[in-house]
Amino acid sequence: MRTRQRGTLIVALAAAALVAAVAVAVALPAGDAATGPLDTTMTTVAAPALVGESIGASVQGRSIELFSVGSGPRRVLVVGGVHGDETGGAVARQLLAYLEDHPEAVPAGVFMAVVPSANPDGEAAGTRANANGVDINRNFPSDNWADVLSEGDRPTDGLTGGAGPASEPETQALVSCLADDYDLVISLHSQGGIIDFDGEGGRAVAEHMSAVSGLPVQHLDYQEYVTGSLGVYVPETYGVPVITVELEDSVLFPGLRDALLTAGTLAGDG
Ligand SMILES: [Zn+2]
């Protein structure tokens, strides 16, 4: 995964460099004041298009896809659909549709990756858990992982944290992609209409996203009873923040879209 992603990035960078070099070469004669106004269309550097790859497969064999666009040192991963009965997947797919038409919307210096459907079996069945009845957001290999969910969580829903840490293929796909040096992870859940954060630097990103989207920041203090979650695993393993957007509904409204697109400009500042 790491090699393939690096390869994609290198190809994208090489393509961008080539386009930039051609643009400079073409633009030089036009820069002569005597020839009139600069033709700005010649100096436009084409944004790299959205690139897709499979990062794994679900219990039932559905492909788990990662799409990426942009290039730069600030690396952001957006994850949707961890809980199959929520609207995060639908909103992530709307973000991808937008990026397909507007790859230039990713700010300069930001590499943005999107896993729109992290739990495709759960989405197909309309269930929170995957096909094994495991809550993927309780299956991450954090220090506090547990098979039986705690009293304060959802033990009566029949869900588990899995047979072991990262026992599920959906979790494994995310865990291996998370190892690829991200500076910020944004996870899309529902409901509530709030922006939560975990990890150092998370509050500043959450406040920026709140200002852009209009959704309030609310830090939910659930980490003492939630085990094996992405919000625990990523900060403790990589020292980077996780933003959890608890969506109101299944609509990627413009403010939310812009908050997701610009969050990466703060990535790596924490
Ligand atoms: Zn959720």
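Okay, let's start with helix α7, residues 230-238: its buried residues are Leu230, Gly231, Val232, Tyr233, Val234 and Pro235. Buried here means 20 or more other C-beta atoms within 10 Å of the residue's own, with 12 or fewer counting as exposed, anything in between as partly exposed, and the C-beta atoms placed from the backbone. Helices (H or I, at least four residues) and strands (E, at least two) are DSSP runs, numbered from the N terminus.

Before I go on, this is a predicted model: local features need pLDDT of at least 70, side-chain atom pairs count only at pLDDT 80 or more, and totals for chains, interfaces and linings use all residues. Numbering starts from 1 along each chain as its sequence is written.

So what do those buried residues of α7 pack against? They pack against α5 (169-178), β5 (184-190), β6 (194-198) and β7 (242-247); contact means C-beta atoms, placed from the backbone, within 7 Å.

Now the whole protein. There are eight helices and seven strands, and 44% of the 270 residues are buried. Of the contacts with a separation of 6 or more, 75% are between residues 24 or more positions apart.

On to the sheet. It's an open one of seven strands, in the order β1-β2-β4-β3-β5-β7-β6, with mixed pairing; two strands pair if DSSP finds at least two bridges between them. Neighbouring strands are turned by 20° against each other on average, direction ignored. Axes, by the way, are lines fitted to C-alpha atoms, for helices over the stretch in contact, and angles run from 0 to 180 degrees between N-to-C directions.

If you look at β2 (residues 63-69), three bridges join it to β4, and the two run antiparallel. Phe67 has Val114 in β4 as its bridge partner.

Helix α6, residues 202-213, lies across β5, β6 and β7, at about 165° to β6. And α7 packs on the sheet too, touching β5, β6 and β7, with its direction at about 165° to that of β7.

Last, the core. A nonpolar core is a set of buried Ala, Val, Leu, Ile, Met, Phe, Trp, Tyr and Cys residues joined through C-beta atoms within 7 Å. Which residues touch the most other members of the largest one? Of its 63 residues, those are Val76, Val78, Val185, Ile243 and Ala263. Strand β4 (residues 110-115) gives the largest share, six residues. Leaving aside neighbours within four places in sequence, Ala263 contacts Val76, Leu184, Ile186, Val205, His208, Met209 and Ile243.

Methods:
Two residues are in contact if their C-beta atoms, placed from the backbone, lie within 7 Å.
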